[in-house]
Amino acid sequence: MLELHRVSYRYAGYATAVLHDIELTIADGEIVGLVGPNEAGKSTLCLVASGLAPASIGGALSGSLSIDGELMAGRPPHELAERVAIGFQNPDTQLSGVTATVFEEVALGPMNLGLPVAETLARTREALATLGIEDIAERSPNRLSGGQGQLVALASLLAMHPRHVVLDEPTAQLDPEGTRLVGEALRALAATGTALLVTEHKTDLLDGLCQRIIVIDGGRIVLDGPAGDVLADERLPGWGVEPPSRIRLARAMAGRGLDLDLIAGTLR
Amino acid sequence: MSEADVAFLQRLAPPTPSSYHRLNPFTKALAAVAESIAAFVIGGYVGPLAIFGLAVLPAAAMAGVLRRLVRVSVVLTLPIAISVVLISVFTRAGSTVLFTVGPFDATVEGVDFAGQVLVRLITLSTAIGLFGLTTEPRAFVFDLERRGLSPQLAFAATATLEAIPAMLERAKVIQAAQRARGLDTEGRIADRLRGVLPLVGPVVLSSLTEVEERTLALEVRAFGRRGRRHLLWTMPEATWEAPLRWVLLAVLVVIVAARLTGAWPAIP
Amino acid sequence: MTAIALAGLVHVYPEGTRALDGVDLEIPAGQRLAIIGQNGSGKTTLVRHLNGLLRPTEGRVLLDGRDIRSLRVAHLARQVGLVFQNPDRQIFAGRVRAEVAFGPRNMGVRGAELDRVVGDALTAVGLAGQADTNPYDLGYSRRKLLALASILAMRTPVVVLDEPTTGQDARGVARVQAIVAALTAEGRTVIAISHDMEFVAEQFPRVVVMRDGRIVDDGPPGAVFAPERVGLLASTGLVPPPAARIGARLGLGATPTEHALLAALRTHRR
């Protein structure tokens, strides 16, 4: 369980806070979607929920982050990393820079956790297979396409078997097939009891993946509820969030006697 | 783990295209350090040049990196060499004046001193350059870690050693961005030089960001965690390498001791 | 205006990856074209040949019938503006204004004219108020817009956008769409790589589909996303936009956009 209690956060060197009074609990096995307009504070919330802000990047945080009931204030970054995995918005940022192959890049996390080689090997193969990137295992991590880089970054987190995961737009650069595989991987991860927070502009992905969705605007949570209700909320476009295509098309085709379940079923 | 698994992991180790590359990183590092210290301690011309000509050059030829080594050492030492030569030639007091430039006298003693510094510098830069050209940082650090270096020190060492290749990579990226926006860096030497200036500021600035980003990327992968890591592959080490290192060390100790006690014969 | 032609284009990266495997493509001046395809299918490699950042292993790139082999990147940059997929690989200046001014300045634009093109480009992407900001203090979505502005300011006859809508919210996407429309209105060629099928279907009259370094389909969205070609599309890991899938399900034929779907529904009812 990951809890943010009355969290406000200000980056180092700035006078004003970018997050205000965030109250958020993610239960084990729950996937919470995070949406909102550009510059609303989504990426910052991801950094705060992972503990990296302030543990690694500084800044001023009030309120608290706790994981499984333990307060995380003052813990060193590598200890936080064992509790929460974070996927950055830019996959380049995720690359360690100390490996020569995709395989080693994905294996780095498990290896750092002190796992036996056989276990690291098994986990790495599993993570690569889950995201369908076994074929690039021996390529250099510096010579990947944007989408491949994003899958490698995600695989490197999956291989750590994290109990809490924070992802900042994990499918931004992915093709539909990659996006689908990521969705499946996240669902499978949640089924093992992992708590997930997923920022996405692709509401089609969040639809059916998340139990709950929160909307933030101006650094505040403006809506928090069951995924179905939030995605159908009329105010969503006003926050710069595009409703999922099944809802948009159903609205556009309203009054034409079409079966809404057929629309939803076709787009699933 | 099956034999195939072990073979697969070993294949991820840095390639060793020559028998010099195949030397254990620790052996190569010790050779570089011993050659450099010996050149400085012995002084004069014959000593450093003998080390350069009889040890460094043949090794570089064996490794097939002779041309690259010359290029790298020239680039690395040229600025230092020029300033050392200018300062020592013209500011060193001496009895015999060779020629005069403005208010500065070039003395025989000054030229001699500059020459001695220069041969040491050549030996030092090529010895260390050879190590760099035939050893990947990660191989060196992994090998030290296998010998008992703490993971935290390995963390610091990796981050430091990888900073230079990362900076070069970054310079390439920025140069591509600048060329794509009309900055001419191809063709004549003058154009190329003009292309370097706009690169300097951004590379320095982004290197700082880069270091922060890499540290973050490593931390979120639990790098720097206490406790042993089980590494995926090992660097080869022949049975005679450990005795060789002791011999190198012993020779070095003898030279230094002889020098300190004044027992070392005076050679030009 | 600049017409583009690729003939037998092959690109093999130094470590041996064959990213382009014989691409032939002609793009008349002023056309608006989208390139789609799965990750690693060679889309980015292809567009990096248009301004010489990558050189063909085999084959030719022609701008207005002229082989660009002998032309420098700096020269080609006057004709083809390329917005990189990752803004952090494009942005290098310490101020937003300096970043946008870099391109036009290299092209010889100075003084009041420079201020004007920089101002126009920043206004187009909605960053006019951020001219003195350090780009690294902007969020990812705004850095993407800044990267776009820095190419817009060069006013090249060809503008190439690599994944322009990623990381943008609905308003950001609308902004990119408006910019694409404005470029076309000025007669400029726009080439975009995108995974956003709705964006592609709505904004681009021509869609090129890539798979494993080759072009496997090429046509208007109505054809590329037509029910008959779903199999081909699926073989590249892609799915048609939602409106096309609903249309196919209802037996309405090719309905790549919401607009086309509603129109088809009206006709169908009659």
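**Close-up views of a predicted model**

**View 1. Strands S1 and S4 of chain A run antiparallel.** In this predicted model, seven bridges join strand S1 (residues 2-10) of chain A to strand S4 (residues 60-67) of chain A. Look for Tyr9(A): Leu61(A) in S4(A) stands opposite Tyr9(A).

**View 2. Four strands of chain A form an open sheet.** The strand order is S2-S1-S4-S5 (chain A). The pairing is antiparallel. Which strands are the edge strands? They are strand S2 (19-26) and strand S5 (70-71) of chain A. Each edge strand pairs on one side only. Helix H1 (residues 42-49) of chain A lies across S1, S2 and S4 of chain A. H1 of chain A runs at about 125° to S1(A).

**View 3. Helices H5 and H7 of chain A pack at an angle of about 35°.** Helix H5 covers residues 102-112 of chain A, and helix H7 covers residues 146-158 of chain A. Their axes are 7 Å apart. H5(A) passes H7(A) in a right-handed crossing. Which residues make the contact? H5(A) gives Val102(A), Glu105(A), Val106(A), Leu108(A) and Gly109(A). H7(A) gives Val152(A), Ala155(A) and Ser156(A). By class, the contact of H5(A) with H7(A) has five nonpolar, two polar and one charged residues.

**View 4. Chain B is divided into two stretches of structure, domain 1 and domain 2.** Domain 1 of chain B takes in 18-135 + 238-261. Domain 2 of chain B takes in 143-219. The C-alpha centres of domain 1 and domain 2 of chain B lie 27 Å apart.

**View 5. Chain C touches chain A.** The contact takes 33 residues from chain C and 35 residues from chain A. On the side of chain C that touches chain A, the elements that give two or more residues are helix H5 (140-152), helix H6 (170-185), helix H10 (242-249) and helix H11 (258-269) of chain C. Which helix gives the most to this side? H10(C) does, with five residues. By class, this side of chain C has 10 nonpolar, 14 polar and nine charged residues.

**View 6. Chain C touches chain B.** Here the contact takes 20 residues from chain C and 16 residues from chain B. Helix H2 (73-76) and helix H3 (96-106) of chain C are the elements that give two or more residues to the side of chain C that touches chain B. H3(C) gives the most to this side, with three residues. The residues of this side of chain C divide into 11 nonpolar, six polar and three charged.

Terms used
Residues numbered from 1 in each chain as written. Chains lettered and ligands numbered in written order. Predicted model: local features only at pLDDT ≥ 70, side-chain atom pairs only at ≥ 80, totals over all residues. Contact = placed C-beta atoms within 7 Å. Nonpolar A, V, L, I, M, F, W, Y, C, P; charged D, E, K, R; others polar. Domains from an automatic or database assignment. Pairing = 2+ DSSP bridges. Axes fitted to C-alpha atoms, helices over the stretch in contact; angles between N-to-C directions. Left-handed = near helix turned anticlockwise from the far one by under 90°.
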